Amino acid sequence: MNYDVIIIGSGPGGYVAAIRASQLGLKTAIVERESLGGICLNWGCIPTKALLKSAQVFEYINHSADYGITTSGADVDFAAVIKRSRGVADGMSKGVQFLMKKNKIDVIMGTGKVKPGNKVEIKGADGATKELTAKNIIVATGGRSKELPSVKQDGKKIIGYRQAMVLPELPKSMVVVGSGAIGVEFAYFYATMGTKVTVVEFMDNIVPVEDEDISKQLLRSFKKVGIEVMTSSSVESVDTSGSGCKVQVKTSSGMQTIECDIVLSAAGVVANIENLGLEETGIKTEKGKVVVDEFYNTTVKGYYAIGDIVSGQALAHVASAEGIICVEKIAGHSPEPLDYNNIPGCTYCTPEIASVGYTEKAAKAAGYELKIGKFPFSASGKASAAGAKDGFVKLIFDAKYGELLGAHMIGFNVTEMIAEIVVARKLETTGHEIIKSVHPHPTMSEAIMEAAADAYGEVIHL
């Protein structure tokens with residue numbers, strides 16, 4: 001065997017698994033066809049946050065008078081905004097290169113394919129192929145932008161998230177199809193930059209996986225900044241024959257035509273499982289995902305799968321956690337299986353959204369009797385001082401035992417606050433324990449303590 005572990009794909013699942021494998025003394029190689037760090041570092045999590053920061057800075061400048069600061073002549077250099085984003089992504093990718101060298105992991109550039117007999121075939125950019133063997137092979141090939149039949153991407157007028165990060169110029173108008181995290185983040189970015197944005201969502205609420213109270217608040221915040229939102233609506237067709245796009249939208253009141261420069265398809269992601277040799281190797285797939293057990297074994301011994309290509313939340317931090325659990329099990333350790341009901345989800349539009357655990361609707365459907373506490377940021381001293389009073393913290397408790405079932409936040413910087421809840425739920429913390437845990441003043445995080453107190457009729461500042 002050439003290696004103890006070969007990993008196909010170097011995204012946040014693959015490269016984290018490689019580092020942990022190396023730490024555990026396993027001879028490790030990673031195969032990557034494009035750029036180290038995968039979609040997350042190069043075309044996803046990191047560069048989008050850089051774009052969103054530029055939008056936030058521009059928004060601050062435009063509202064500087066609210067803080068007693070007078071400015072004039074602020075303008076967007078769109079090319080410079082894009083350049084900064086790409087620079088941030090390149091820097092992070094170089095960081096992964098350093099980590100590979102530091103941990104003595106062999107990086108093999110090319111397209112990997114699994115074969116029977118614990119083999120990986122790698123095709124280089126020059127077309128040449130070579131074959132390596134490993135006791136353990138982990139497939140971590142991630143996902144790509146999902147294409148809707150009615151919204152076929154051409155990369156120019158109808159685009160996915162990759163093109164949305166590198167448009168040559170700021171469009172005057174845009175229709176965003178889908179209001180998940182990708183859709184609402186780009187909607188906020190482009191609207192703040194000056195694009196007229198319309199969001200079309202098939203479900204009854206935007207950010208449909210979130211608690212309904214969160215969806216309603218984001219809708220109010222979006223409308224306030226001029227983003228038009230159409231829910232219970234679907235894009236039936238897009239005509240790109242003219243200079244722009246004519247988008248046919250089916251709504252509850254009939255068909256509407258929206259004219260725009262660009263259509264961004266943000267209807268989710270689909271797993272990259274094609275042309276990987278899965279079928280030839282005998283690895284079972286189901287509904288577009290690789291079938292695995294709780295330690296990411298596929299149906300063929302010695303082959304594993306993690307990240308977006310297995311069932312579970314398609315999130316970078318999930319892939320990383322899966323990768324660590326997978327290689328620790330390979331190395332003979334006894335890791336705990338991942339608790340998928342304690343995975344935080346974060347959306348980085350303004351206001352930000354962060355959540356973990358049950359929504360109110362899901363908790364009721366599961367048969368729990370609930371105690372629910374809410375604390376609005378309008379009552380927070382820190383939020384008032386920051387000029388960020390939109391939003392709230394909502395906590396959901398089991399009335400019988402005080403278990404913290406779920407948390408839902410929308411507001412300034414809440415993506416930095418949700419980890420407290422994840423740890424609290426991991427430690428089986430009760431509502432009363434949160435109330436009695438002294439939170440610093442003035443901070444946004446006080447709203448967590450206040451929301452818990454509200455659930456038990458002890459809230460002070462409401």
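Leaving aside its neighbours within four places in sequence, which residues is Phe222 in contact with? I looked this up in what is a predicted model, and the contacts I found for Phe222 are Val184, Ala187, Tyr188, Ile227, Val229, Cys349 and Thr350.

Next I turned to the nonpolar cores. The largest has 39 residues, and Phe222 is among those with the most contacts inside it, together with Val176, Phe186, Phe189, Tyr190, Val197 and Leu218. I noted that at least two residues of this core come from each of H3, H4, helix H5 (161-164), S9, H6, strand S10 (196-200), helix H7 (212-224) and S15, and that H6 gives the most, with eight residues. Apart from this core I found another, of 28 residues, which includes Phe377, Phe397, Leu404 and Ala407.

I then followed strand S15 (residues 262-265), where Ile262 and Leu264 point one way and Val263 and Ser265 the other, although all of them are buried. Strand S8 (residues 158-159) runs parallel to S15 and is joined to it by two bridges, with Ile158 standing opposite Val263. Strand S9 (residues 173-177) also pairs with S15 in the parallel sense, over four bridges, and here Val177 stands opposite Ser265.

Last, I checked helix H3 (residues 45-62): at 1.5 Å a residue its 18 residues should span 26 Å, and since its end C-alpha atoms are 26 Å apart, the two values agree. I listed its buried residues as Pro47, Thr48, Ala50, Leu51, Leu52, Ser54, Ala55, Gln56 and Phe58, and recorded that the buried residues of H3 pack against helix H2 (38-43), helix H4 (78-102) and helix H6 (181-193).

Note on methods
Residues numbered from 1 in each chain as written. Predicted model: local features only at pLDDT ≥ 70, side-chain atom pairs only at ≥ 80, totals over all residues. Heavy atoms only, no water. Buried < 20%, exposed > 50% of the residue type's maximum accessible area, 1.4 Å probe, protein only. Pairing = 2+ DSSP bridges. Expected span 1.5 Å × (residues − 1). Contact = heavy atoms within 4.5 Å. Core = buried A, V, L, I, M, F, W, Y, C linked by side-chain atoms within 4.5 Å.
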